[in-house]
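Dear colleague,

Please find the structure handed over below for your work.

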Amino acid sequence: MTLVPRPILTDGATHPAQQFRNLVSDLARDNEGVTRGTDLKVTQLSTPGSSVQVSSGTGLVRGRYTAYQGTYAVMNVGSTNVAIAPTGGSPRSDMLIIRVEDKEYEGNIDPTTGEVNYFQIISNVSSSATTIPDGRTGIPLARIDIPASTSTITNAMIKDIRQIANPRRERRQWIQSPSTTSTGISNSNGSYAYFSTAAGWNIPIPDWASTAVISVDIAQLKYSVAQFIGALRATFGASLSLQPVILDDNQTAIRRSTIFVADTLTVPDAYRGTTQLLRAQATGTTGNTGTVAVDASTTLKADVEFFEAPR
């Protein structure tokens, strides 16, 4: 048979499991991995011991035995403990995967009574391995790098190697145009101050966000009085700031320049699902005698993109 004669879903027809698996594959864009950043995470036991625990979660596992085997949807409800063998006189790295063994293609597990998907340890993998070292159907969750003569597994030994099948991302831009000239920033002590007429933006953060790529463009800064030497940055919430850039202008008349700051930030747990203020700041540093400001001829733009990743 070449063309499957009954497309999903045709009323009154029956469809093989393979056809549904290929539908999953199509909907997943042929990607595999865990569904969300916290799914199927491997950690030490609450009291470290000879096992690790795998958290609740779901994932997608692409069949590797044959072409068009399709993709399996797997699920773990509640925490599951997986035993790790102790090491002898030498260190060892083990890989913990979630394995699928479908007897339509391999093995002999009866799906009506047996566990077709299960957690499996691949022992003695490379200490840098991040993918399953052979062709078995499964997705890697963690590599456990165990020192010699060790039977107790701690988080320090667990390397998270999960991938998200279809990580979410969200990008937005915000524009601000001051209506009046801000108070000039003219200090020389490296103490940052906000532009008084550029109130910044309240940025909503998705509850799945792991990292944020942020840039703030200012066109144009206004320099005056004398030469300016200092720096520009932006703060994000109470605890994060973007990498500062130098402001270095050796002129004396009123003049303008366009400048931006950008950074990749790790989103703290406490930020997810909240709204945080993003706002530009400037400072003068040693030797500064000038002033910098924004005014009604200035436009500020914030470009913020959030990414989902294992966490």
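**Pockets and a buried threonine**

The second largest pocket has a volume of about 210 Å³; please note that the model is a predicted one. Its lining comprises 13 residues, and those closest to the centre of this pocket are Glu32, Thr130, Thr131, Pro140 and Gln163. Two elements, strand S1 (33–34) and strand S9 (138–146), each give two or more residues to this lining. Strand S9 gives the most, with three residues. Sorted by class, the lining of the second largest pocket holds five nonpolar, five polar and three charged residues.

The largest pocket has a volume of about 280 Å³. Twelve residues line the largest pocket, and Thr2, Val4, Gln18, Gln19 and Asn22 are the ones nearest its centre. Eight of the lining residues of the largest pocket are nonpolar and four are polar, while none is charged.

I would also draw your attention to Thr137, which is found in the loop between strand S8 (117–122) and S9. Thr137 counts as buried because its relative accessibility is 1%, where the cut-off for buried is under 20%. The side chain of Thr137 reaches the backbone nitrogen of Arg64 at 3.0 Å. Leaving aside residues up to four places away in sequence, Thr137 touches Val61, Arg62, Gly63, Arg64, Tyr65 and Gln69, together with Ile98, Arg99, Val100 and Glu106.

With kind regards

Methods. Residues are numbered from 1 along each chain as its sequence is written. This is a predicted model: local features need pLDDT of at least 70, side-chain atom pairs count only at pLDDT 80 or more; totals for chains, interfaces and linings use all residues. Side-chain values use heavy atoms; hydrogens and water are left out. On a 1 Å grid over the protein atoms alone, a cavity is a set of points where a 1.4 Å probe fits but cannot get out, and a pocket is an open set with protein on both sides within 12 Å along at least five of seven lines; lining residues have an atom within 4 Å of a point. Grid points are joined across faces, edges and corners, and a volume is the space filled by probe spheres set on the points. Ala, Val, Leu, Ile, Met, Phe, Trp, Tyr, Cys and Pro count as nonpolar, Asp, Glu, Lys and Arg as charged, and the others, Gly among them, as polar. Helices (H or I, at least four residues) and strands (E, at least two) are DSSP runs, numbered from the N terminus. Buried means under 20% relative accessible area, exposed over 50%, partly exposed in between (1.4 Å probe, protein chains only). A polar contact is a pair of N or O atoms within 3.5 Å; within protein, one must be able to donate a hydrogen and the other to accept it, and residues adjacent in sequence count only if both atoms are side-chain atoms. Contact means heavy atoms within 4.5 Å.
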